[in-house]
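This briefing looks at how helices pack against one another in the structure shown below. Two packed helices are described by the angle between their axes and the distance between the axes.

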Amino acid sequence: MPDAASIRKDAELVVDVCMTVEQDDVVTIITDDEHSHEAHAVAEVCMERGAWPVVMNNEMQVRRGLADTHFPMAPPQNLHEAMTHSDEIIIITNLEWANRFAHTPPVKESVANNAKIASVEPGMGEWGLTIEMLHAARQRAVDAMKALEGVEKVRVTSPKGSDFTVTIKGRPPLALVPIKERGIMMGPLPLWAEVAYAAVEDQTEGTMVVDGVMLGIGLPGQVNEPITWTIEGGKAVKIEGGDDAKRLREVIEGVENSTVIGEFAFGVSDIAPFGTPSEKGRVGTVHCALGDNHSAYPGGQNVCKLHLDGVVLDATLQVVDDGRYIIKDGQWAL
């Protein structure tokens, strides 16, 4: 358990560097029981900077959402209103719950209102980060987005058998980096960083083998056995593997539009830890999501109440148009 001084130092990083909270800003901090001490540390720093923080404990919704993937993720109206009237929204809860919460209407409305919004990753007080580390991840995102300008299609392969193509033509990138700007989609901080696209809904083709984390099926870390998605016409037409694959099939069964490959993304951080939801932001990983891409990703057209990410480790990501590599054998290649 980190001491109070270490937590305080990382709370200052969140407030001053990642969220750049300013005097008179209205700040809503959403938390749960487990993370309330971190939320109060962040609130203290906000208050000292002259802002107006309010801590809202959403333990009941977090608990029910984690127990049941189909439990509605949209918050009650009082929390919804607080979010859409805030300059900054900082979410310090269970990280998987926060990831799923990102695809709800008040998050989209808050972004449209030009708020800054982010979730905070576990380990406050133990991150050991420098500002230079945060800028390095941001620069990789900038470099990758430049390399992918005008690109029609990318190909992903991996040692476990992934080999699929994704069409991103006409879909603007979304950079989720640790230093937040107003009006940009919510993402975790400060370890995680990624570049994401709304995949063109009917054009992803091939085989994707999930060997990292698979969100929404109740796992605390990576899958116990790889989950193989056979993808045709943009949809996962087969999901095969062991018990984890069975659980995924059960979660999406009967949910409209949940087999569509909604998101394609890759990590640009070299400090995001493996074995947690944060590994989606780690260099060398690629992830795709089944379900919604309408709420969060520019140009996305698939509406679904689920958004479930699966991670490919040690990936190679190549531009089909010209053969350039963004990631090769799990290493940054730009």
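In which sense, left-handed or right-handed, does helix 4 pass helix 6? In this predicted model, helix 4 passes helix 6 in a right-handed crossing. A right-handed crossing is also found where helix 1 passes helix 2, and the two helix pairs are set out in turn here.

**Helix 4 and helix 6**

- Helix 4, which spans residues 77-84, and helix 6, which spans residues 105-112, have axes that come within 8 Å and cross at roughly 20 degrees.
- Because an angle under 35 degrees counts as roughly parallel, helix 4 is described as roughly parallel to helix 6.
- From helix 4, the residues His80, Met83 and Thr84 meet Pro106, Val107, Glu109 and Ser110 of helix 6.
- The residues of this contact between helix 4 and helix 6 comprise 3 nonpolar, 3 polar and 1 charged.

**Helix 1 and helix 2**

- The axes of helix 1, covering residues 4-18, and helix 2, covering residues 36-48, come within 9 Å of each other and cross at roughly 60 degrees.
- On the side of helix 1 the contact is made by Ile7, Arg8, Ala11, Glu12 and Val15, while helix 2 contributes His37, Ala41, Val42, Val45, Cys46 and Glu48.

Key: Residues are numbered from 1 along each chain as its sequence is written. This is a predicted model: local features need pLDDT of at least 70, side-chain atom pairs count only at pLDDT 80 or more; totals for chains, interfaces and linings use all residues. Side-chain values use heavy atoms; hydrogens and water are left out. Axes are lines fitted to C-alpha atoms, for helices over the stretch in contact, and angles run from 0 to 180 degrees between N-to-C directions. Helices (H or I, at least four residues) and strands (E, at least two) are DSSP runs, numbered from the N terminus. A crossing is left-handed if the near helix is turned anticlockwise from the far one by less than a right angle, and right-handed if clockwise. Contact means heavy atoms within 4.5 Å. Angles under 35 degrees count as roughly parallel, over 145 as roughly antiparallel, 65 to 115 as roughly perpendicular and the rest as oblique. Ala, Val, Leu, Ile, Met, Phe, Trp, Tyr, Cys and Pro count as nonpolar, Asp, Glu, Lys and Arg as charged, and the others, Gly among them, as polar.
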